[in-house]
Amino acid sequence: MEYVTLNNGLKMPMVGFGVFRVPDKKECEESVYQAIKAGYRLIDTAAAYTNEDAVGAAVKRAINDDICKREDLFITSKLWVQDMMDYDSAKKGIEASLKKSGLEYLDLYLLHQACGDYFAAWRAMEDAYREGLLKAIGVSNFYSNILTNFCEVVKIKPVVNQVELHPYYTQEKALETMKYYNVIPEAWAPLGGGRYNPFEDEMLKDMANHHHKSVGQVLLRWNLQRGVVVIPKSTHLERIKENIDLFDFELSEEEMNKISSLDMGYTGSRAKHFDPEFVRMVLNNKIHD
Ligand SMILES: NC(=O)c1ccc[n+]([C@@H]2O[C@H](COP(=O)([O-])OP(=O)(O)OC[C@H]3O[C@@H](n4cnc5c(N)ncnc54)[C@H](OP(=O)(O)O)[C@@H]3O)[C@@H](O)[C@H]2O)c1
């Protein structure tokens, strides 16, 4: 596993395991347990995914079975928008994440979106960070203008910005802003999130064959070589293993550029954080991702 050093000195694995849309507790716990067994040390959940408890249960099981120690793991969760309305609701949201996961601390906690009173919520996260309940704090879905304003204003800078990043939405400009503020980019939907059909793309298939790897591995490797942390999700053991087996090949500059040329320049996901209608739906509790 390769690690990246965050702006607070903490080391974070470059490959993690996401559990979005795995609401079934047993399935989530088993997937996370298998992922830890397969070598993942970063797990990415969120209050909105309603599976922080299953992640916590898998962590306990893995520690009990001597697969790893708590300090080897990097557990991420996120504060949901309805808990970002003021300082007190955020404080309660953080406490709820800790209680549900059954963990004494979380390694990374993110503002899920730039909605509500996210500055007040951040102050609650800063306090929990100072208390050691959160070892690092960051943001998610902060577009460049919002991230810039945020980094210029807050006392403790975010360590990470988790945003949609894959060859169909490369977001090069957003990466430049993150680099400027020493905020590590973390990719959600690094495999395309079930959209864009990358697994049928002939160019990607040829490249994967050339390296004796899968298309999924090429997609993930492309982000890693851009300095982006990836958190692919799968509930299938073979894919769980495949998605972490990324460190025995390298894409050439030409291959990297070819993959980047798939960029559409816009997102095909419904999560359009810049869209007023989307923001209203999130605030009205009609969307939970
Ligand atoms: N911060 C945010 O707003 C936000 C938003 C979305 C996601 N996330 C985080 O990012 C994580 C990853 O994003 P995501 O789950 O949306 O999308 P993703 O990881 O890009 O893609 C997951 C999809 O790809 C399939 N898949 C996994 N490995 C594969 C492989 N090797 N070959 C072919 N198909 C494969 C999975 O199916 P199977 O499960 O059936 O294998 C699933 O349908 C989430 O789980 C979550 O933790 C965060």
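The part in question is helix α5, residues 144–153.

A: Happy to walk through it with you. Please keep in mind that this is a predicted model.

Let's start with the inward side of the helix. The buried residues of α5 are L147, F150 and C151. They sit on the same side of α5, because they cover an arc of only 95 degrees around the axis. If you turn to the face directed away from that buried side, you will find the exposed residues N145, E152 and V153.

L111 touches F150, and its other contacts include Y118, A121, W122 and M125. L111 also touches G138, V139, S140 and F142, along with L79 and M84; residues up to four places away in sequence are not counted here. The largest nonpolar core has 100 residues, and L111 is among the four that touch the most other members, together with M12, V32 and M125. As background, nonpolar side chains tend to be buried together in soluble globular proteins.

A search of the whole structure finds 1 cavity of 30 Å³ or more, and the space in the largest cavity comes to about 80 Å³. S144 is one of the residues that line the cavity, and so are N141, F142 and Y143. The lining also includes V163 and E164, Y169, Q171 and A174, as well as W188, A271 and H273. By type, the lining of this cavity divides into 7 nonpolar, 4 polar and 1 charged.

H288 and A271 are 17 residues apart in sequence, while their C-alpha atoms are 9.8 Å apart in space. H288 is found in the segment after α11 (276–283) and counts as partly exposed because its relative accessible area is 37%. Leaving out residues up to four places away in sequence, H288 touches F20, A48 and W80. N285 is found in that segment after α11 too, and its phi is near 65 degrees, a positive value in a residue other than glycine. Most residues other than glycine have a negative phi. N285 is partly exposed, with a relative accessible area of 40%.

N182 lies in the loop between α6 and β9 (184–188), and its phi is about 55 degrees although it is not a glycine. N182 is partly exposed as well, at 43% relative accessible area.

F20, which H288 touches, brings us to an open space. F20 is among the residues that lie nearest the centre of the largest pocket, along with A189, G193, G194 and K233. This pocket has a volume of about 790 Å³ and is lined by 36 residues. Its lining divides into 12 nonpolar, 15 polar and 9 charged.

In α7 (residues 202–210), the buried residues are L204, M207 and A208. They line one face of the helix, because they fall within an arc of 100 degrees when seen down the axis of α7. On the other side of α7, E202, D206, N209 and H210 are exposed. The cover over the buried residues of α7 includes α8 (215–225) and α10 (253–260). In the loop between α9 (237–242) and α10 you will find S252, which is partly exposed at a relative accessible area of 32%. S252 and W222 are 30 residues apart in sequence and 9.8 Å apart in space, C-alpha to C-alpha.

So, to return to your helix: L147, F150 and C151 make up the buried set of α5, and N145, E152 and V153 are exposed on the face turned away.

How values were computed:
Residues are numbered from 1 along each chain as its sequence is written. This is a predicted model: local features need pLDDT of at least 70, side-chain atom pairs count only at pLDDT 80 or more; totals for chains, interfaces and linings use all residues. Side-chain values use heavy atoms; hydrogens and water are left out. Buried means under 20% relative accessible area, exposed over 50%, partly exposed in between (1.4 Å probe, protein chains only). Helices (H or I, at least four residues) and strands (E, at least two) are DSSP runs, numbered from the N terminus. The arc is that of the directions from the helix axis to the C-beta atoms. A nonpolar core is a set of buried Ala, Val, Leu, Ile, Met, Phe, Trp, Tyr and Cys residues joined through side-chain atoms within 4.5 Å. Contact means heavy atoms within 4.5 Å. On a 1 Å grid over the protein atoms alone, a cavity is a set of points where a 1.4 Å probe fits but cannot get out, and a pocket is an open set with protein on both sides within 12 Å along at least five of seven lines; lining residues have an atom within 4 Å of a point. Grid points are joined across faces, edges and corners, and a volume is the space filled by probe spheres set on the points. Ala, Val, Leu, Ile, Met, Phe, Trp, Tyr, Cys and Pro count as nonpolar, Asp, Glu, Lys and Arg as charged, and the others, Gly among them, as polar.
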